[in-house]
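Here are a few notes to read alongside the model. Take them one at a time, with the structure open next to you.

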Amino acid sequence: MRRPTAFAAGLLLLLATALGTAGGPVAAADPTDPVTVTVNTRAGLATVPATALGVNHAIWDAQLGSAETSDLLKTAGVKMLRYPGGSYADIYHWETHTAPGGYVAPNTDFDTFMAGARRVGAEPMIIANYGTGTPAEAAAWVRYANVTKGYGAKWWTVGNENYGNGHYGSAWEADDHPDKSASQYARLVIEYADAMKAVDPSIKVGAVLTMPGNWPDGITAGSDPGPWNQTVLSLAGPKIDFVDVHWYPGGSAADSLARTNHLPDAAWLLRQQIDRYAGPGADRIGISFTELNVDAGRTTAPGALFLADAYSGLLEQGVFTVQWWNVHNGIGTVSEVAGQTDYGDFGLLSSGNCTSDGEVCQPAFNTPFAPYHALSMMNLFARPGDQLVRAGTDEPLVAAHAVRRPDGSVAVLLLNKDPDTAHPVALDYAGFTPADEAPTVHTFANGATGISTARSGDATARTLPPYSLTTLVLRPAGSSAGRPGAPGRPAASAVTDRAATISWLAATPGAAPIAKYEVHRQHGAVSEQLGETAGTSLTVGNLEPGARYTVNVLARDTAGRVSWSSPPLTFATGSPAESSCAVRFDADNDWGNGYVANVEVINTGAKAVDGWTLTWTWPTAWQQVSSGWSAGWDQQGRDVRVTPTADNRRLAAGGGSTTVGFVGAYSGPNVPPGAFRLNGTVCTLR
């Protein structure tokens, strides 16, 4: 969590800032050339859940349950509220409403919080005290909330950032347990879940994980069997219903705005960890991101742009809630950002306080900061039940997201991350034809005190002001009546290095019988049809080994009407079962942003190899070979080339091998390579 500043007098706990990730400022293209924006409604992503838009409340905020604050959150569309406030949860005792070592404001008890949540119309997410509490205390809280008071509080997390308890060196999270290991946390999560669900079996219990690519991801400490996420999932996976993750990308405003491109890979790695380690039925486990914020531009345009981009990107990946840190926090380091005063405040709303020297004061209490308006923009853009669809641009400083609504209309969110330059955009649509009328346009520009709304222009061209958010709402040119329903979520089976069988539940026919189904692969915002069939499964071939594929299924009826896209399926092909070579890639010695890797190259063929070249391509642009040994190492872009020394150039037939090594570095999610080639031949990955 990010702690309160001057707003919370008496704060004694320490704050450790999450380590940053890479992705710096990118030079913009010629602003006179229109940026191409592609919106592809055939490339469906996740559906917006009812709990999507969230924010944190904290017990140091005396206005936590006030009518004014609650009504502002309701207006912004908040549908989930987290309590009692980040790391405070691990010192908070709900029955006595105390937090030894921290400040507790009046009028912030649990019943006051719940009254405010009900006024907002938001579901609560409650953090049970792991650091200084017990399973019995948490179970008593569930009993009070759902049996005694009938609040129906469904979502409960065991602790907050518990990897910050000193187990990996840094210690900011309270933890009174003598054993501070990931293994002990997981064992106690099981006890908490059992005790809490014995009171109310309908609740959902979550465990704390760390963001892939952020400290301490990848680090194994003490006697744990693996890093934090692996250990927690391996032991507690069968008992939990969701995992809880935080993300503070750090760096400058340009850094944080660029690092939102880490989200698809981070979400992929997180889901892979869940599927690999959490045991049978792991697909039932949801993902929540309950703290996000930036280090630069917190109350101005960078914070607003980051909020909208990160919320959209995470919801596209199927996260069930995204929650800003937080409602009120207090003035921090004051600066000027793009001509606006930035108060260094993590809050959505002003706390109305001043710097310690009284030189600078915030605007009046509860004045919305720029991120509040971005959250309000999210409420105008993506509503529960909308399906997010692919949108992309050819300019790094302009981002796009889109949804398709149940009534057939489309909303497009456009972000100009350039602080200085307006960018004209040209919009192209696939699978959707906009009506020939002026769209509804919502705009939030740098320095504005609210969102402006008007009908103007057309669906294909717009100019985005510097540091701005724009949402276009477009009605379809024709009626969607009679279309078939969307096919069910696809599943992959019999996945090899070159093929996979995709199957799905049949779509409901509309005005005409269904003629066929089409399977499309997403290439960014462009779709490639992989095949079609009259049935409900299709084996697709000619796939690349070790590659990630996201596919959708569309239904087409005998009259040519096309359904909405199915939910997406993402899967990865493997390596060949048999090959004349094999590779063993061992990168377990990790310290959070780098590691030592050993690569064993094995000749499994019938002939000796005299001279070899091993190649692979990193999945992301933020991974690299820093240095290496026992071979020649070269990296160009994302492509790595390894060549032998005089001592290991010959690999005997039938299993001759050599091991080489390198120091790897990463500044984002560390996705392992999927395919290795020896002298051009794809190897089996062991």
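1. Let's begin with a word we will need: a residue is called buried when its relative accessible area is under 20%. Please also keep in mind that this is a predicted model. With that cut-off in hand, look at strand β16, residues 440-444: four of its five residues are buried, so by the under 20% rule the strand is mostly covered.

2. What does β16 pair with? One partner is strand β17 (residues 452-455), which runs antiparallel to β16 and is joined to it by four bridges. Here you can find Thr443 standing opposite Ser452. Another partner is strand β19, residues 468-474, also antiparallel, with five bridges to β16.

3. Now zoom out to the protein chain. Its secondary structure comes to nine helices and 38 strands. The radius of gyration is 26 Å, close to the 26 Å that the globule rule gives for 686 residues, so the chain is as compact as a globular protein of that length. Along the principal axes, the C-alpha trace spans about 80 × 65 × 50 Å. Buried residues account for 56% of the 686.

4. How far apart in sequence are the residues that touch? Take the contacts between residues at least 6 apart: 72% of them join residues at least 24 apart.

5. A word on surface and charge. The chain exposes about 24,800 Å², and carbon and sulfur atoms supply 50% of that area. There are 45 positive and 61 negative side chains, and the centres of these two sets lie 8 Å apart.

6. Some backbone details deserve a second look. Most peptide bonds are trans, and most residues other than glycine have a negative phi. The bond from Tyr83 to Pro84, however, is cis, with omega near 15°; Pro84 sits in the loop between β3 and α2. Trp215 and Pro216 are also joined by a cis bond, with omega about 0°, and Pro216 belongs to the loop between β6 and α5.

7. Finally, two residues with positive phi. Glu161 has a phi near 50° and lies in the loop between β5 and α4. Is Glu161 buried or exposed? Its relative accessible area is 4%, so Glu161 is buried. Asn366, in the loop between β11 and α9, has a phi of about 70°. At 3% relative accessibility, Asn366 counts as buried too.

Technical notes
Residues are numbered from 1 along each chain as its sequence is written. Side-chain values use heavy atoms; hydrogens and water are left out. The radius of gyration is taken over C-alpha atoms; the globule rule is 2.2 Å times the number of residues to the power 0.38. Buried means under 20% relative accessible area, exposed over 50%, partly exposed in between (1.4 Å probe, protein chains only). Contact means heavy atoms within 4.5 Å. Accessible areas come from the Shrake-Rupley method with a 1.4 Å probe; for residues, only the protein chains shown count as cover. Lys and Arg count as positive and Asp and Glu as negative; His and the chain ends are not counted. The place of a charge is taken as NZ of Lys, CZ of Arg, CG of Asp or CD of Glu. Two strands pair if DSSP finds at least two bridges between them.
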